[in-house]
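Thanks, everyone. Have the structure open on your screens, and I will go through the ligand site and then a few places along the chain.

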Amino acid sequence: MIERPRRLRTTAAMRKLVRETRPRPAQLVLPVFVGESPAEIGAMPGVRRHTVEQIGGVARSAAEAGLGGIMLFGVPDDADKDSRGTQAWAPDGIEQRAITACREAVGDDLVIMSDVCLDEFTSHGHCGFLAEDGRVINDETCDAYAQQAVAQARAGTHVVAPSGMMDGQIRVIRAGLDAAGFEDVGILAYSAKYASAFYGPFREAVGSSLQGDRRTYQQDPANRREGLREALLDLSEGADMVMVKPASHYLDVLADVAAVSKVPVAAYQVSGEYAMIEAAAEHGWIDRRAAIQESITSIVRSGADVVLTYWALEVAEWLD
Ligand code: PBG
C-alpha cells in the first residue's frame, strides 16, 4: 500500500496540524431581533427579542467576543404596521433606533448590518408592496428599499442587507445611497435566497403577519443554476458581499457562488437550522456542541467567508 491517509489522523495534534477549515470568531455575524418589548422566542430556545435599550449591550458583547458583525432585525408592534410598511423608513422606526443604539455602543469596533426588507413592517407580511390582485410589485418596492437603506445609513449602519429578492434591488439601493452621500455604506446582498420551510421560527421571532408564501420572489429550492445567476446579477449591480440562504441545505449553491465571486461570500444559518439542532440536543439525540461546530465548519468548508448564526457568541467562546 502506497497511500495511507489514516497516518494524518493518528493523533489529535496531527489532525490539528492538517485541518483545512478553521472557523474564526471574526467571520461570524450574530443576527438579533429588536422590538418594543422583550420576548422569548419559543421555537428558538436561547434566542430572545431585545429592546432598543438592551441592544447596545448585546452589540458590546459581540464586539468583546471578537465577532465580525451584528445583523439587526427591527420588529415593530402590530399597531405600527401598515400596507406599505412605512415604519421601515421612518427616522424613528424601530430598526433605525436599534442601529443608532448599537452604533453609540460600539462605534466602528463591530460591523453593524441591518436588514432591508418590508416584511416586518407590512400588515400583510409580504416583502414588498401589494397590487390589488395580490401580486408583489417589483420596481416600486425597490424604490422603497432605497429609502429604507438611506434611513438606516442616516441612523448609522455600516452595511445594509437587502433580503427581499426583488429584481434589480441592489442597483436601486446603491444609487439611492450614493445620491444621499452614503458611498461608504456597503451592501450585503441576500443573493440566492430560497423560499424555505426553515424560516419558520424566524416568522415567530418577528411576529410575521404573512398569509400564503413568498414563492413569486424567493427562489425555488429545486434550482441550483438560478442561485448562481442571482449572485452574478447582484455582483453586476454593485453588491459588496453576496449571501446564500439558508446555509446547510444549500451548500452546493454556496460552493458554486464561492467559486466565481470576486467579493466575500456569506451564508445564513437560519432559524430552522438552529431549531432542529437545539430540539434534537434537548432530547439527548445528538451532541449539541459537536453538532453546532460541525454545522458551522461545513458551511465554512463549502466556501463561506462570513457566517450568520444565532450561535455566534457561544461558538466564538469555544473557538477561543
Ligand atoms: C425577510 C427575512 C427572513 C429571514 C431573514 N430575513 C424571513 C423570510 O424570508 O420569510 C429568515 C431568517 C431565519 O429564518 O433565521 N426579511
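By class, the shell around the ligand consists of eight nonpolar, three polar and seven charged residues. Here Ala, Val, Leu, Ile, Met, Phe, Trp, Tyr, Cys and Pro count as nonpolar, Asp, Glu, Lys and Arg as charged, and the others, Gly among them, as polar. This is a predicted model, in which local features need pLDDT of at least 70 and side-chain atom pairs count only at pLDDT 80 or more, while totals for chains, interfaces and linings use all residues. Residues are numbered from 1 along each chain as its sequence is written, and side-chain values use heavy atoms, with hydrogens and water left out.

Which residues of the shell are the closest to the ligand? Of the 18 residues that surround the ligand, the closest are Arg203, Gln218, Lys245, Ser271 and Tyr310; a residue belongs to the shell if one of its heavy atoms lies within 4 Å of the ligand.

Now the distances. A polar side-chain atom of Arg203 is 2.6 Å from a ligand oxygen atom. For Tyr310, a polar side-chain atom also lies 2.6 Å from an oxygen atom of the ligand. For Gln218, the distance from a polar side-chain atom to a ligand oxygen is 2.7 Å. The protein buries 100% of the 400 Å² that the ligand exposes when taken alone, with areas from the Shrake-Rupley method and a 1.4 Å probe.

On to the backbone. Lys245, one of the closest residues to the ligand, is joined to Pro246 by a cis peptide bond, with omega about -10°. Pro246 is in the loop between strand S8 (241-245) and helix H8 (251-260). Helices (H or I, at least four residues) and strands (E, at least two) are DSSP runs, numbered from the N terminus.

Met165 is not a glycine, yet its phi is positive, about 60°. Its loop runs between strand S6 (159-162) and H5. Is Met165 buried or exposed? Met165 is buried, because its relative accessible area is 6%, and buried means under 20%, exposed over 50%, partly exposed in between (1.4 Å probe, protein chains only).

Last, two alanines in loops. Ala180 lies between helix H5 (169-179) and strand S7 (186-193), and is partly exposed at 32%. Its C-alpha atom is separated by 43 Å from that of Glu20, 160 residues apart along the chain. Ala43, in the loop between strand S2 (39-40) and strand S3 (48-51), is partly exposed at 29%.

Terms used:
A polar contact is a pair of N or O atoms within 3.5 Å; within protein, one must be able to donate a hydrogen and the other to accept it, and residues adjacent in sequence count only if both atoms are side-chain atoms.
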